[in-house]
Amino acid sequence: MAKNQRHLTMVANWKMHKTGAEATAFLARLRELGAVKAGGCFVVVAAPFPALTAAVEAARGMDVAIAGQNLHWESEGAFTGEVSGAMLAAAGCTHVIVGHSERRHLFGETDEMVHKKVRAALAAGLTPIVCVGETEQQRAENETELILRYQFERAFWGMSAEDLRRCVLAYEPVWAIGTGNTATPAIAEGAHRFLRRCATDIFGAEAAAGFTILYGGSIKPGNLRALLEQPDVDGGLVGGASLDADAFATLVRAGNSN
Ligand code: PGA
């Protein structure tokens, strides 16, 4: 499957930003700007838990999917502060971010937990947006491919090609997140091509060719186009530049025209 047969996707990851009222205002502005188009790039907004219901309501009638930013792997239980995939689905989410580097590095998420969360998301009927990426030190020590293969294999361990088809991957080099140091298009393409090869090795060429791999890490209106021109970069996972509706609309338009 060629790149133009994969669905180009733009994800806003708000992290710990925006109340319900702010989510509503953002989506109203995005609607007004008219950047989201049927047949254009697929748009997902990952809002904090308390803003999800407002975001789902505000996105009604727009081609915008709403995502959680995390989930627990159990469906319910005594897990104070946690949220299940079924709860996200009931709130109207269709997607959930899993294994973001901030979860891994600030909150101790292991590859085993990421794996259980991917399974839980699929069981709840959600599309997991699974994040992988090397640290600056790992890249300096030439360990990038080792780390990416390990994270990929652990996240999707024991799954079928059919499961993979229901997942999205995001390559997010830790050194590029929130730092302004975007990966060059060549670095991003190298990692994406490698991750697609990892998918081919386990799930076969057909599943790998249809697998959406997003890039994330300091995406801005000025650097997105060059990234999207790469044959294995299928869209973006955007943090800082997704907080402003006008800036995010610019990114969505770049996705529409790619
Ligand atoms: P950033 O964040 O765009 O602010 O670098 C990306 C992400 O963490 O998903």
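Predicted model: local features only at pLDDT ≥ 70, side-chain atom pairs only at ≥ 80, totals over all residues.
**Notebook: pockets and helix packing**

Residues are numbered from 1 along each chain as its sequence is written, and side-chain values use heavy atoms, with hydrogens and water left out.

For the record, a pocket here is an open set of points on a 1 Å grid over the protein atoms alone, where a 1.4 Å probe fits, with protein on both sides within 12 Å along at least five of seven lines; lining residues have an atom within 4 Å of a point. Volume is the space filled by probe spheres set on the points, which are joined across faces, edges and corners.

Which helix gives the largest share of that lining? I found α4 (residues 101-106), with 3 residues. Helices (H or I, at least four residues) and strands (E, at least two) are DSSP runs, numbered from the N terminus. By class I get 8 nonpolar, 4 polar and 3 charged residues in the lining of the largest pocket. Nonpolar covers Ala, Val, Leu, Ile, Met, Phe, Trp, Tyr, Cys and Pro; charged covers Asp, Glu, Lys and Arg; the others, Gly among them, are polar.

Next, the second largest pocket, which holds about 260 Å³ of space. I count 18 lining residues there, with His7, Arg165, Cys167, Val168 and Thr212 nearest its centre. β2 (42-46), β5 (127-132) and α8 (161-165) each put at least two residues into this lining. Its classes are 8 nonpolar, 7 polar and 3 charged.

**Helix entries**

I then checked α1 (residues 20-33) against α12 (residues 245-256): the angle is about 45 degrees and the axes are 9 Å apart. That makes α1 oblique to α12. Axes are lines fitted to C-alpha atoms, for helices over the stretch in contact, and angles run from 0 to 180 degrees between N-to-C directions. Under 35 degrees is roughly parallel, over 145 roughly antiparallel, 65 to 115 roughly perpendicular, and the rest oblique.

Phe26, Arg29, Leu30 and Leu33 of α1 touch Ala245, Asp246, Phe248, Ala249 and Arg253 of α12, where contact means heavy atoms within 4.5 Å. That contact has 6 nonpolar, no polar and 3 charged residues.

For α7 (residues 144-155) and α9 (residues 185-203), I see axes coming within 10 Å and crossing at roughly 45 degrees. α7 and α9 are therefore oblique to each other. I have 9 nonpolar, no polar and 4 charged residues in the contact of α7 with α9.

Last up, α5 (residues 111-123) and α7: their axes come within 8 Å and cross at roughly 45 degrees. That makes α5 oblique to α7. On the α5 side I list Asp111, Glu112, Val114, His115 and Val118, meeting Tyr150, Gln151, Arg154 and Ala155 in α7. This contact divides into 4 nonpolar, 2 polar and 3 charged residues.
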